[in-house]
Amino acid sequence: MARKQNSNQIYQQVVGELNSGNLKPIYYLFGEEEFYLDRLLDLFSKVIPPDQKDFNFDLLYGQDVTPAQALSIARSFPMMAEMRVLIIRNFLQLKKGGGDDGTPGGHINDFIQYIESPNPTTLLVCIDEKKPPGNTNVGKAFKKNKNVGFHQFERMPDYLIPDWVIDWVRSHHSKNIEPAAAQLLAQFVGNNLQLLSTEIDKVCTFVDTSDTVSEADVKKIIGSYREYGAIELKDAIIARNLEQALYISEQMLQHTKSDTGELIRTVGFFNSVFVNVWQILRLSEKGVSKSQVQSELGIKNNWYFNKLWDDASNFRYAEMPRIFEALLDADRAIKGFSTLDSTSILFFLVKRIIG
């Protein structure tokens, strides 16, 4: 059984189709990961040369047009050009009823006929956060018809973010980034790809004359150049060194501008760490080999995977419910469901994780 593609792989596939000109006549793009939806909207918008755009490119928003108006544009032929592009953002919000000018509005199911027989000179791109309901005729048509590139962009899981950073730095900045630096970026920023790409832009601009981004470069740019941070705290916790972990926790809170912000970042970081640990232990419990676990998780970088594997080896699968309960309690305490102060919240969390 083929492994399900992640959002980055799907994005690269669609970009490949764009670059080769081997495009489907219709695309339906949806999902929570707006980073890729926005980038593909921009790329599809550039299919038509600037001097041909006035009459051959339309970006519509579903809430502003009816199905009949959109289909009228899709069925029309390009003017002094080989093709036209129609992009409909918020597709599922297409207006019901007639248009503002009194024209018939049609119904979203009218797209079924178009899907079956699309205009060969129009590229129709439909974008929405949601997929059309699978139990509707139009939903089935979008999903199953060979004329449609039907792609879902889900949030990238935390454990794939360091690989994503390495690939993004290489493909968009023609540089290499040390695995430890990629891990630091992923752990500091999280899985918000838009924020990550912005931070990567900053770092790569800073090291403009160098071919490699180091861990020190990342620390300088993202403002995390402190003696102790979440990674040092993680190492102490993994080693079950309670005294060192509590000392680092105290230092982190003493050298931050916002206790609450520091706690939110730290709890989020440890949630990501232990989701990775849980994934590895869960598969290991089933007798899956180390190489198979790496393949199952889809982590390409050996350095990063070996680091995760070493971290996981210090815990037992049976400990995971207790650790996730501790993280949940800390998250609730930060949000005001406790009278504990910041230091107590972090100390208590560290003690519960170490056990």
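**Overall build and selected residues of the predicted model**

Of the 355 residues in the protein, 47% are buried. The structure described here is a predicted model. Its secondary structure comprises 17 helices and seven strands, and the C-alpha trace spans about 75 × 45 × 45 Å along its principal axes.

With a relative accessibility of 0%, L86 counts as buried, because buried means under 20%. The C-alpha atom of L86 lies 7.5 Å from that of I73, and the two residues are 13 positions apart along the chain.

Cysteines come next. A disulfide is a covalent bond between the sulfur atoms of two cysteines. A search of the whole structure for such bonds found zero.

K131 sits in the loop that links β4 (122-128) to α6 (137-144). Is K131 buried or partly exposed? Its relative accessibility is 45%, so K131 counts as partly exposed. This category lies between the buried cut-off of under 20% and the exposed cut-off of over 50%.

Notes. Residues are numbered from 1 along each chain as its sequence is written. This is a predicted model: local features need pLDDT of at least 70, side-chain atom pairs count only at pLDDT 80 or more; totals for chains, interfaces and linings use all residues. Side-chain values use heavy atoms; hydrogens and water are left out. Helices (H or I, at least four residues) and strands (E, at least two) are DSSP runs, numbered from the N terminus. Buried means under 20% relative accessible area, exposed over 50%, partly exposed in between (1.4 Å probe, protein chains only). A disulfide is a pair of cysteine sulfur atoms within 2.5 Å.
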